[in-house]
Structures are given as structure tokens and as C-alpha cells.
Amino acid sequence: MKKILYLLLACFVLGCGQSYEETKRQKGVERLRLLREDSAALKIAVLPTIDCLPLYVAKELGLFDTSIVDVRLKEFTAQMDCDTALLGKSAEGAISDLVRMERAVLKGAKMHYVAQTGSYWQLISNRNARIRELKHLEEKMVAMTRYSVTDMLTDRAVDSAKIKSEYVFRIQVNDVLVRLEMLENNMMDALWLPEPQATIARKGKHPVLLDSRRMKMNYGVLAFNAKKMKTFERKQQLDAFVKGYDAACDSINKYGVGHYRRIVARYCHVNESLADSLPKDLRFDHARGPLQSDIERVNSWLKKTK
């Protein structure tokens, strides 16, 4: 009887061992398959901001779903992380700004600008800091990102207020959600915010000191790493992507941002009701690159910061 029990136990152990090895092998095969699919997909680094809305809408409505392209959105909350993904191995494209991208070009990167996103930034002061004019920024902290459009905008604000640059303390806060949190928790005097974070700040009665739209600075871009887009397959993917992107822009412009409040809430980490408080004049243009004059203006500023 004992021999039978030992034999059954041995068979059970052997069977479990084979099952474990087989499961391990299958997991390895599945992991390789997923890695190949991800490698072949068109990956784009995005932020929880309204300038990414055409990407989110196209993804949710299936406008990217073709046999040619598999678009995968890589979500980040800091612009620098998007840039790292774009310049590294994690993404072929990214939402960024012209200042950061042109700085990367000066360092040897090659960029292909697919779209100018129409993103804008507002300099918003803490309502408890008693900052009502730009001149009140002297000896105050301003949250921004170094070598980005917000850095360039801070220079413009300081110059227009005739304040010495060293008397405005620039605090690097890259994560846009952390930046907003610091405002709400009275940890920052002033800061640059895009939408929808700027709307949240305005609803909280925090004053707007400056709006990049008034300065005619439209530097939001959707850029692709040109070195990664050389193959015929990638070029086909990009053509299919642009068609989906443009279709999403048309849909948002037709129905309004509020129509896509659930998508805004999901990807921008806000309440659905906030979509109804966003500016009514938000529009999204078809994919086209920035003006050469804007690129030259950015490069002129970058040369001064060296």
C-alpha cells in the first residue's frame, strides 16, 4: 500500500514539475510576443493636458484602429518624462513644446514636427500671496520647467515687469499635477499651468497674471523622433496616424470639448463637470508643423540661455 502511495506522490510531483515548466515556457513566449507587438506599435508619450485631447479621442473612438498602425499612448505627468521617452527607447512621438524640442535638436537629436497643438500656458498666482501684477513677483517663487516654454515665458514676464531676473526665484517643478497641488496647498507663490489645470486654478479664485496667447506664443508641439521614423513601415504608420488625429480634431470641433467630458476626466484626472468649465473657444487644428519664424524665435532665446 505504501509503495502505491509513494508512486502516486512521485507522479504528482513529476506532473507538477512539468506543469510549472510548461507554464513558465508559455509565459516566456507570451512576454516575447507582447514585446514584439509593443516594439512594432507607434508609441506616443502624452500628458494629462487638453492639448492631448485629439489623441485621447482618436484612441477611444477607434480612429487609430487600422491594419497599418497600432497606436499606444504612454501616459506621463511630467514633460521631461515625455522627452526622455521620445529620446530613448520608450516612444516614437511625444507631446512637448518647441523650446524643449529645439534644445534637443541643438544637442544632436532630429525631430519631425507633425502638429502644432495650440496649447497655451497661464501664469497664475496664489490668491493668498497678494500678487496682482507682474511687478509683485519680485522675491517670489515661480514654478516652471527649465529650458521649456514656461522658462522662456518667465523671462518675458520678468522683462515686461522690469524686474532683475535673479530677484524672481524659479523653482523647477516638472510634474503638472504636483505643480497644481502646490498651488492649492499654498506652497508656491505663482506658477505656469496649461489646461485643464489652469481652469481648476481659476475656479479656485487664483488670479491670472499672464496668458501666453496674448503674447502670440503658440509653442505646443507633437514631435516624432526622426531617427525612429525612417523605415517604410513607420512612414505608413505616421500617415495613418495623421488621418486619425485630424478626424479626432474635426469631431471635437464639431461637438465641443464638453461632449468628451468622460475622456477628459479619465485622462486628465479631473471631474467630468470640469469639462463644461473649460474655455468655449478651444479648437483643435489639423496636423501641421510650427512656423519657421517660431522655430527661429525659440532658437534665438536658447542661444541667450547658454
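Trainee: How much space lies in the largest cavity?
Mentor: This is a predicted model, and the structure holds 2 cavities of 30 Å³ or more. The space in the largest cavity is about 190 Å³.

Trainee: Which residues that line the largest cavity are the closest to its centre?
Mentor: The lining is made up of 15 residues. Strand 3 (93-97) and helix 6 (176-184) each give at least two residues to this lining. The closest to the centre of the largest cavity are Leu47, Thr49, Gln79, Trp121 and Pro194.

Trainee: How many residues of the lining of the largest cavity are nonpolar, polar and charged?
Mentor: Trp121 and Pro194 are among the lining residues, and Trp and Pro count as nonpolar. Thr49 and Gln79 also line this cavity. The division is 5 nonpolar, 8 polar and 2 charged.

Trainee: Which helix supplies the largest share of the lining of the second largest cavity?
Mentor: About 30 Å³ of space lies in this second cavity. Its lining has 7 nonpolar residues, 1 polar residue and no charged ones; Leu123, Thr154 and Trp192 are among the residues there. The largest share, 3 residues, comes from helix 5 (residues 149-161).

Trainee: Is Ser251 buried or exposed?
Mentor: Ser251 sits in helix 8 (residues 232-255). Its relative accessible area is 13%, and the cut-off for buried is under 20%. Therefore Ser251 is buried.

Trainee: Which side chain is joined to that of Ser251 by a polar contact of 2.3 Å?
Mentor: Leaving out residues up to four places away in sequence, Ser251 touches Leu61, Gly256 and Tyr260. The side chain joined to Ser251 by the 2.3 Å polar contact is that of Tyr260.

Notes. Residues are numbered from 1 along each chain as its sequence is written. This is a predicted model: local features need pLDDT of at least 70, side-chain atom pairs count only at pLDDT 80 or more; totals for chains, interfaces and linings use all residues. Side-chain values use heavy atoms; hydrogens and water are left out. On a 1 Å grid over the protein atoms alone, a cavity is a set of points where a 1.4 Å probe fits but cannot get out, and a pocket is an open set with protein on both sides within 12 Å along at least five of seven lines; lining residues have an atom within 4 Å of a point. Grid points are joined across faces, edges and corners, and a volume is the space filled by probe spheres set on the points. Helices (H or I, at least four residues) and strands (E, at least two) are DSSP runs, numbered from the N terminus. Buried means under 20% relative accessible area, exposed over 50%, partly exposed in between (1.4 Å probe, protein chains only). A polar contact is a pair of N or O atoms within 3.5 Å; within protein, one must be able to donate a hydrogen and the other to accept it, and residues adjacent in sequence count only if both atoms are side-chain atoms. Contact means heavy atoms within 4.5 Å.
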